[in-house]
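Biologist: Please show me how to read a few features of this model, with the general idea ahead of each case.

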Amino acid sequence: LCQASMKAYGRAMKAEGYGRITTELAAASNFDQVFYYAEDYHQQYLAKPRARPYCSAQPREVSLPPFDTWAPDALQHHAPKLPPEFWEAHAPTPHCVIRAPNEPMEWPPPHTGL
């Protein structure tokens, strides 16, 4: 999944004129040290109820293509939890990952019927 998403995002970045991704991905089994996943509340935090906007990153405004266009079939159960409508409303902008007030968020918004 990591390799496939990096390749897909690399192609999207290249199409927008950015250089190649230079991050190295390696299996945890390649290292003697034990790997620990972060606590559950750090996993897909934007999909969690009452998520708060997180604004310390500086995104390039280049979206990863839709999951089903690049992810291996056997990994479809890892598809994003948030629907495209969420990202249309809260897409990344420079200096802020989500365009939203700094208050707990509800999805879908109760007044939109999404």
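Biologist: What share of the residues of the protein chain count as buried?

Modeller: Buried means under 20% relative accessible area, exposed over 50%, and partly exposed in between, with a 1.4 Å probe and protein chains only. Here 18% of the 114 residues are buried. This is a predicted model, where local features need pLDDT of at least 70, side-chain atom pairs count only at pLDDT 80 or more, and totals for chains, interfaces and linings use all residues. Residues are numbered from 1 along each chain as its sequence is written, and side-chain values use heavy atoms, leaving out hydrogens and water.

Biologist: Which residues make up the largest nonpolar core?

Modeller: In soluble globular proteins, nonpolar side chains tend to be buried together. A nonpolar core is a set of buried Ala, Val, Leu, Ile, Met, Phe, Trp, Tyr and Cys residues joined through side-chain atoms within 4.5 Å. The largest one has five residues: Ala4, Ala8, Phe67, Trp70 and Ala71. Beyond its neighbours within four places in sequence, Ala4 is in contact (heavy atoms within 4.5 Å) with Trp70 and Pro72.

Biologist: Is Ala74 buried or exposed?

Modeller: Ala74 has a relative accessible area of 66%, so this residue counts as exposed. Helices are DSSP runs (H or I, at least four residues), numbered from the N terminus. Ala74 is in the loop between helix 1 (2–15) and helix 2 (84–90).

Terms used
Helix = DSSP H or I, 4+ residues; strand = E, 2+ residues; numbered from the N terminus.
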